[in-house]
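Take a look at the structure shown here. Then read on for a short tour of its parts.

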Amino acid sequence: MRFGSAEWWKDRTALLVVSLIFASLAWAFGHVAGEWSSPILAVVVFVALFTENRRLRREVKRLTEDAQASER
């Protein structure tokens with residue numbers, strides 16, 4: 001993609017539009033949730049981290065069992 005080409009302009013315009021949409025959503029969330037926005041986001045992040053940690057532990061367990069089975 002060359003600088004200044006039509007494809008470049010489309011890409012930059014789409015990036016700008018998406019960033020404005022997400023900035024608006026972030027503002028709306030903060031405006032609606034008010035002082036509860038930080039605790040809500042903290043809970044969402046905690047749940048996401050907990051879920052990802054469980055998934056990774058299962059994957060490590062599966063890979064460890066596969067490695068031990070292939071050694072036999």
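Predicted model: local features only at pLDDT ≥ 70, side-chain atom pairs only at ≥ 80, totals over all residues.

This report covers helices, a surface patch and salt bridges in turn.

Helix α1 covers residues 6–33. Helix α2 covers residues 37–71.

The two helices pack against each other. The angle between α1 and α2 is about 120°. Their axes lie 8 Å apart. On the α1 side, the contact is made by Phe29, Gly30 and Ala33. On the α2 side, Ser37, Ile40 and Leu41 make the contact.

## Ser37 at the contact

Set aside its neighbours within four places in sequence, and Ser37 is in contact with Phe29 and Gly30. Both of these partners are among the α1 residues that make the helix contact.

Is Ser37 buried or exposed? Its relative accessibility is 15%. Buried means under 20%, so Ser37 counts as buried.

## A nonpolar patch on the surface

Now turn to the surface. Which residues form a nonpolar patch there? They are Val17, Val18, Ile21, Phe22 and Leu25. Together they have about 470 Å² of accessible area.

Take Ile21 as one of them. Ile21 is found in helix α1. Its relative accessible area is 45%. That value lies between the 20% and 50% limits, so Ile21 is partly exposed.

Next come the charged side chains. How many salt bridges does a search of the whole structure find? The search finds four. Among them is the one between Glu52 and Arg55, where the side chains meet at 2.7 Å, N to O. Glu52 and Arg55 both lie in helix α2. They are three residues apart, about one turn of the helix.

How open are these two side chains' residues to the surroundings? Glu52 has a relative accessible area of 34%, so Glu52 is partly exposed. Arg55 has a relative accessibility of 45%, and Arg55 also counts as partly exposed.

## A linked network

Some salt bridges join up. Glu59, Arg62 and Asp66 are linked in a network of salt bridges. Start with Glu59 and Arg62. Their side chains meet at 2.8 Å, N to O. These two are three residues apart in α2, so about one helical turn separates them.

Arg62 also forms a salt bridge with Asp66. Here the closest N and O atoms are 3.0 Å apart. Arg62 and Asp66 are four residues apart in helix α2, so the separation is about one helical turn.

Arg62 counts as partly exposed, at 39%. Asp66 counts as partly exposed too, at 41%.

## Asp66 and Arg12

One last pair shows a span across the model. Asp66 lies in helix α2. How far is Asp66 from Arg12 in sequence and in space? In sequence, Asp66 and Arg12 are 54 residues apart. In space, the two are 45 Å apart, C-alpha to C-alpha.

Conventions: Residues numbered from 1 in each chain as written. Heavy atoms only, no water. Patch = residues over 30% accessible without salt bridge, like charges linked within 9 Å, V, L, I, M, F, W, Y side chains within 5 Å. Areas by Shrake-Rupley, 256 points an atom, 1.4 Å probe, with all protein chains shown as cover. Buried < 20%, exposed > 50% of the residue type's maximum accessible area, 1.4 Å probe, protein only. Axes fitted to C-alpha atoms, helices over the stretch in contact; angles between N-to-C directions. Contact = heavy atoms within 4.5 Å.
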